[in-house]
Amino acid sequence: MDRRRFLKVLGATSGGAAALSACGIGPEPTEHLVPYVVPPEDQVPGTATYYATTCRECAAGCGLHAKVREGRVIKLEGNPESPINEGRLCSRGQAALQGLYNPDRVTEPMARGPNGEWQKLSWDDAVGRLAGKVKEARGRGIVFLTGLETGSFGELVDAWVKEVGGRHVTHEAFALEALREGNRRAFGSAAVPLYDFARARYIVSFGADFMETWLSPVGYQNGFTHAHSFDGDRDTSMAKFVFVGPRLSLTGMSADEWIAAQPGSEALLALAMAQVILAGRLAPAPADAARLERLLPTPQRVAPVVGIAAPEIERLAREFAASQGGLAVGGGVATQYGDGADRVVAAVNILNYVAGQVGKTVRFGPNHAIADAGTFRQLTDLVADMAAGKVDLLLVHGANPGHTLPAGFSQALGKVGFKVSFSSYWDETAAASDLVLPDLHPLEQWGDARPRVGIHALQQPVMQPVFPNTTHAGDVLLRVSGKAGTFKDYLQDRWKELHQRVGKGRDFADFWTDALQHGGVYGEAPNQPVRLDPGIGQLLGEVASAGSGATGESLLIVFPSLALHDGRGANKPWLQELPDPVSKITWHAWVEVHPETAAKWQLANGDILLLKSPHGAVRAPVWITPGIRPDVLAVPTGQGHKAYGRYARDRSFNAFELLSDTPADFGGRAFAVRVSVVKTGDHRRLATVEGDAREQGQGIIEVLSLAQARELKSGAHRFEEREAPQYAEEALKAWAEAQHQKASLGDYAGTAPRWGMAIDLSKCTGCSACVTACYAENNLATVGEELVVRRRQMSWLRIERYYTADADGRRVGAVVNPMLCQQCGNAPCEPVCPVYAAYHTPDGLNGQVYNRCVGTRYCANNCPYKVRYFNWFNFAEPGGEWESWPDPLNMLLNPDVTVREKGVMEKCTFCVQRIRGAQNRARLEDRSVRDGDITPACAQACPSEAIVFGDLRDRSSLVARLAADPRGYHVHTELNTKPAITYLARVVHGAAGRA
Amino acid sequence: MTSAQDSVARSAEIAEVKKVQAAWINKKPPEWVRIHALPGFVRFPHMRHIKVLGTESCATCHGDVRAMPQVYQVATLKMGWCINCHVQRQVGRDCTLCHY
């Protein structure tokens, strides 16, 4: 008996007979091939069909291409034709799939029975019940609460509530009220303009997290990259990016300079910069700006309050003006501290205005739709009405104030006569309702959105509903009001009107088909000029007298989580397991504490603090980071759900509980609060995926100053391969000779591509969209918090983040790099595999053959990059302890990628399924694979276009050109691994900091 | 073939054709029993093989199906058999062409 059979039999006797047939040994169970009687249109088994639709995971409205296999959507990608996201997609957008196939979806209408228990009912009953309640509640207060709805569904709700004599309130937790109010105070218009990052030559963000949740993260990150990345070819005046804020967020990590200004003093800093520009005539300011000069504070006056020296402020102002393309942005949620947050935005507006940039990098006209979202004040007014018994019927769709306004809303809900939820999930608001009428998921339904003026994004169902007993909320409303027709008819009527306006010359059928194919109608909105509001003088007076705003030891800032947003992402395991780009913590929230503060309070990572504000108390584990001011603490939103499914419920703490329920003076919510801090003495291991926050001089990330980068000559190699030591010379020579011989045998003799990648660190921001795309494409298992604590996470691609500091230890910054299997030319993992499961393919990949792997794990041991991951558990076993894909989550699995079993090693394959697919297609077309035919999932998703893939041997390919770039280097060259991935050094303005 | 055997074969054929017709009429698909099945860890792209071997090449791996009253497997379909043909025709033998 040979060794393999022996091992297989062993497996069979301990694991059951089923194992044998799955190995291809012994009789197979009979399979049946069952064809369609009538095949569905445009679905060919084995090939994918792509549909264009719109993402609804946040207000940005990015365009999607949904990849559908055998009638189910398995991957979401950006729509290259959408001007919002240009074919890129963030983690939240990728994870919409896990909302669609979520195992905790509401599958049919439910009503609360007499004893409070939930009972199923038919749609006829449900609609009848709702219609009855509407009739009863007429004139006694009917309110329809939705999220921001910019399209036909919003119009339907408006019309519907008007008919029943009610009102429509919209709620977005991040409605950016300060941004809108600040614009109104500066320019008389509460609109939110388009910020043209791509055109900017100098960017200052006063706490606006434009890569995370602010306005249009994917699109703005893409634009930012165009301005800020170092491109040796063009005029190398790389736009400088300065981040002003108390906390180094993801957005701040890409900055050339981080100014940790005193929280609340950002307005003064912006105004002082404006003063320098005006006084020095440094930019062509509009005529009406001149009168501001005497009202603006000088750098000398604000310097002590802001906390940086006056010459620095002057320098910033001069740089801003001299760039002739300055863009200052503000109004992010994390700097919406409290009263007066709108003044920061107004100050930022003034800065842009005096630099002559309004109309250039700040364009009113193509305005963002978020300006139409209801304010926090409108929500609290509603809550007051509810508490006073003035609302007899409340309908909720696309909003979860049960989580974002936990105390106030939940109490008031008790006084509402009848509560109806259209939620697809058992979120807090639905769990407290009386009737739940589950809506279809956005991927299953017709709809549209107008994310900004000029863009009409169309949303179409990309598959049949996963749960056939769910119904479009629009259809329900039409039925309740006794109207004929479906929501699709209603939508098409709206688009017929649009067709009248913009579709001249074509009949409607063509116009509609075109819109479906391209994802909508994309137009340019003309710029609208704006002038300074007459009341600006008064505002400046307020800023002057307001003082420094928040000071003191215990200021706590609540910042929006990139993955979980306002809590909506918490029921999706991909987002829970996505390491936060800044803290690298998964499955739990944390409180950020500066090392000095931690030393003063004698805290270690994981110590649990009791944070108590006047409004609530939470227990939060500590995470010590230099990326925050010593006098400030910070916590993320998104966790602490009381309902919302197995992945979200009873996990961590809800940061919203700490915040005040009273709106600040600008109508929005205060996201900062004073807290008392008590050490509880408890401890919790953080489910973090990082080892060390410092590089320890390993040279994993190379950074060049702009001056150094400019001096590089093409063909030179700044980062010389390190010299081999003397004693290794002989061995290396023998090795080279052996390689040469091997390279002439069999498959290795011919000309084959060498697949490689180039990752440009001057573009990568660390946003981690690539990580989620990899999970989606390659059937990666989510392992849960306990296993992440034990370092068993399976992500093939991780973003490493290292903090840097300059020579005096000041000026903290951060550098990031994506680390994945380097597909080494001289891989340490290959010679140690006893069964040739890890081997080198003729086309340059480090191949991993799952069915050969016996699980010795020597390869992972030998890998210096630590990018090999072992399946310690059976993540695919239905009903198993570590099940990653409980039904129907398994529907999102990619059939082109093997689902790995326990005992098998896995790692990045450069999306070999995509490589083979492209090669097969090319073979059918009698041609060779062209540069650009193959895009791995990570490269496709990246909003910054940082990852480039291709054939290194094809000298005309983009990747070959980038691999030869003088900025290029390999990680751990001293180990002679010959990686196929070339990293291009990050470039920063000023001196390059070191870790 | 004698005419007796002819008519037996023909009536058998007609019976099978009737099965397919019934499937269409009743809108219930016929459940074909799969004869040629590779284990789940093999990814076999038919299109490349047909492209190279031509559209008359089915017999290369499946035998003379036209002459089979009921399809049966003629080749072992084991990996060694696949590799033999690849070696003879000097086509790639790389593992990750079929195992990934």
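Which loop of chain A holds A:His565? I found A:His565 in the loop between strand 21 (555-559) and helix 22 (573-577) of chain A. A:His565 is not a glycine, yet its phi is positive, about 55°. Helices (H or I, at least four residues) and strands (E, at least two) are DSSP runs, numbered from the N terminus.

**Ground rules**

I am working on a predicted model, where local features need pLDDT of at least 70, side-chain atom pairs count only at pLDDT 80 or more, and totals for chains, interfaces and linings use all residues. Residues are numbered from 1 along each chain as its sequence is written, chains are lettered from A and ligands numbered from 1 in the order in which they are written, and side-chain values use heavy atoms, with hydrogens and water left out.

**Confidence**

I looked up the scores for the complex: ipTM is 0.90 and pTM is 0.93. Chain B averages a pLDDT (the predictor's confidence in each residue, from 0 to 100) of 88. In chain B, 93% of the residues score at least 70. Among the elements of chain B, helix 4 (residues 79-88) has the highest mean pLDDT, 94. Helix 1 (residues 3-26) of chain B has the lowest, 79.

**Cis peptide**

I noted a cis bond from A:Asp887 to A:Pro888, with omega near 0°. A:Pro888 sits in the loop between strand 34 and strand 35 (905-906) of chain A.

**Helix pair**

Next I checked helix 14 (residues 376-387) and helix 16 (residues 406-413) of chain A. They pack at about 35°, with axes 8 Å apart. Axes are lines fitted to C-alpha atoms, for helices over the stretch in contact, and angles run from 0 to 180 degrees between N-to-C directions. The crossing is left-handed, that is, the near helix is turned anticlockwise from the far one by less than a right angle. Helix 14 of chain A brings A:Val383, A:Met386 and A:Ala387. Helix 16 of chain A meets them with A:Gly408, A:Phe409, A:Ala412 and A:Leu413. Contact means heavy atoms within 4.5 Å. By class, this contact has six nonpolar, one polar and no charged residues. Ala, Val, Leu, Ile, Met, Phe, Trp, Tyr, Cys and Pro count as nonpolar, Asp, Glu, Lys and Arg as charged, and the others, Gly among them, as polar.

**Cavities**

On a 1 Å grid over the protein atoms alone, a cavity is a set of points where a 1.4 Å probe fits but cannot get out; a pocket is an open set with protein on both sides within 12 Å along at least five of seven lines; lining residues have an atom within 4 Å of a point. Grid points are joined across faces, edges and corners, and a volume is the space filled by probe spheres set on the points.

The largest cavity holds about 960 Å³. I count 49 lining residues, with A:Arg56, A:His397, A:Gly398, A:Ala399 and A:Arg568 nearest its centre. Strand 18 of chain A gives the largest share of that lining, three residues. The classes are 18 nonpolar, 21 polar and 10 charged.

The second largest cavity has about 150 Å³. Its lining has 15 residues, and A:Ala59, A:Ala60, A:Thr213, A:Leu215 and A:Ile370 are the closest to its centre. Here I read 10 nonpolar, three polar and two charged.

**Pocket**

The second largest pocket holds about 900 Å³. Of its 37 lining residues, A:Val689, A:Arg798, A:Glu800, A:Tyr865 and A:Lys866 lie nearest its centre. Strand 30 (798-804) of chain A gives the most, five residues. The lining has 16 nonpolar, eight polar and 13 charged residues.
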